[in-house]
Amino acid sequence: METKNKEKAVKKAAAIKPAARKPKAPKEEKKPAVKVGYVALLGRPNVGKSTLLNTLLGQKVAIVSDKPQTTRISILGIKTTEKGQIIFIDNPGIHKPLHALNRRMMNFVYSSLETSDLLCLLIDATQPFGHGDEFVIETLRKVKTPLFLLINKVDVVRKDKVLPIIEKYKDLLPFKEIIPVSALTGINLDVLEDLIYKSLPEAVKIYSDDEISDQSERFLLAEIVREKVLKHVKEELPFSTAVYIDGIEKKVLTDKDGNPRPMTFIRTSIFVERDNHRKIIIGRRGSLIKQIGIEARKEIEEILATEIYLGLQVRVRPQWRDSEDVLDLIEGQKG
Ligand code: GDP
Ligand code: MG
């Protein structure tokens, strides 16, 4: 860097001298052209959108689970390279909304269809085509934005299973590209990134080079706790659990040798809709909530790089999924 700047300075000095004798019209500063744009990740719940975002960014910004409807709010993941800046929008899965929560989730999807320069529709190569897929196709039918099809999870299907999927999809929507990928292992993601850059417009970067997401620390912490809950529960509970951070307090305590010991106190509410759900999350003699706490604490300590105290309170809020107030509260954490 140093030497380069010096070289530049030398060249500049050399260039200025003759110009001083014979003034020329000033040349317009030409910035290197970079590609910049918004790319929406779309598809049914559980196809691997959040996994793809994390792998592309090389960092976890979105939580992942094997339960559907894990992602409830769109989040941005920003990837800046020498070629430009891709702003990925990770969305909730496309599904028919039954609760106020789900209508909000689908509104994120609709608005990302409008704001994006490119749409990437992900499908799960391990799943047969069904009604849910028809609903996705219908949702995207009227959209004019360029569209890629990503056939995901090809790390776990035989090669000869992929061709029939391409055949099935190629005429359903006007895909510009069809790319078999693995969000988990990274197969073809370099190819995907190249093709994305090719289809984005030339523009000025929107975010600074070190920005990676638009979500607040508070929201990410709540999401990590929710991810650990989702890992351990099933049936109705994944859909009807929400996490709210009541408070984050950073303190410096003193250890037994008198050294400063930075500690972050995080108080968290886990909302469920019924008392029997509360009992499930707490577990026999508190064993499950303890396990959830251990797993969440470990990951949060890595992110915050300090010791943390994590308080988890399970609260019953009947029908919170239809309570606009609770939904506002939870969405409001994003930042
Ligand atoms: P989303 O709902 O579309 O955001 O899906 P997630 O990213 O939460 O992933 C759903 C599940 O699929 C998780 O259990 C992931 O580990 C798994 N998954 C995602 N991508 C891949 C992949 O490329 N290969 C395999 N084998 N599993 C994947
Ligand atoms: Mg997701």
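This text walks through a predicted model, from the whole chain down to single residues.

Local features need pLDDT of at least 70, side-chain atom pairs count only at pLDDT 80 or more, and totals for chains, interfaces and linings use all residues. Residues are numbered from 1 along each chain as its sequence is written, chains are lettered from A and ligands numbered from 1 in the order in which they are written, and side-chain values use heavy atoms, with hydrogens and water left out.

Along the principal axes, the C-alpha atoms of the protein chain fill a box of roughly 85 × 70 × 40 Å. The secondary structure comes to 10 helices and nine strands. Both are DSSP runs numbered from the N terminus: helices are H or I with at least four residues, strands E with at least two. Of the 335 residues, 46% are buried. Buried means under 20% relative accessible area, exposed over 50%, and partly exposed in between, with a 1.4 Å probe and protein chains only. Take contacts between residues at least 6 apart in sequence: 73% of them join residues at least 24 apart. Contact here means heavy atoms within 4.5 Å.

The chain is divided into domain 1 (35-199) and domain 2 (217-334). These bounds come from an automatic or database domain assignment. The domain centres, taken over C-alpha atoms, are separated by 28 Å. Across the boundary, 19 residues of domain 1 are in contact with 25 residues of domain 2.

Next, the metal. The magnesium ion (ligand 2) has S50 (OG) and T71 (OG1) as its protein donors, 2.0 to 2.2 Å from it. S50 lies in helix α2 (residues 49-57) and T71 in the loop between α2 and β2 (75-81), so the pair ties together parts that are 21 residues apart in sequence. Both S50 and T71 are buried. Donors are N, O and S atoms within 2.8 Å of the metal (3.2 Å for Na, K and Ca); water is not among the atoms, so sites may look incomplete.

Stay in the loop between α2 and β2. Q69 lies there. Its phi is near 60°, a positive value in a residue other than glycine. Q69 is buried, with a relative accessible area of 17%. R72 is found in the loop between α2 and β2 too, and at 9% relative accessibility R72 is buried. Leaving aside neighbours within four places in sequence, the contacts of R72 include P92, L101, F108, R226, F239 and W320. M105 is another contact of R72. R72 and M105 are 33 residues apart in sequence, yet 5.5 Å apart in space, C-alpha to C-alpha.

Now move to a helix pair. The axes of α8 (residues 275-282) and α9 (residues 287-304) come within 5 Å and cross at roughly 60°. Axes are lines fitted to C-alpha atoms, for helices over the stretch in contact, and angles run from 0 to 180 degrees between N-to-C directions. The two helices are therefore oblique to each other. Angles under 35 degrees count as roughly parallel, over 145 as roughly antiparallel, 65 to 115 as roughly perpendicular and the rest as oblique. I280, I281 and I282 of α8 meet S287, L288, I289 and I292 of α9. The loop between α8 and α9 holds R285. R285 is not a glycine, but has a positive phi of about 50°. R285 is exposed, with a relative accessible area of 84%.

Finish at helix α10 (residues 324-332), where D328 is found. At 43% relative accessibility, D328 counts as partly exposed.
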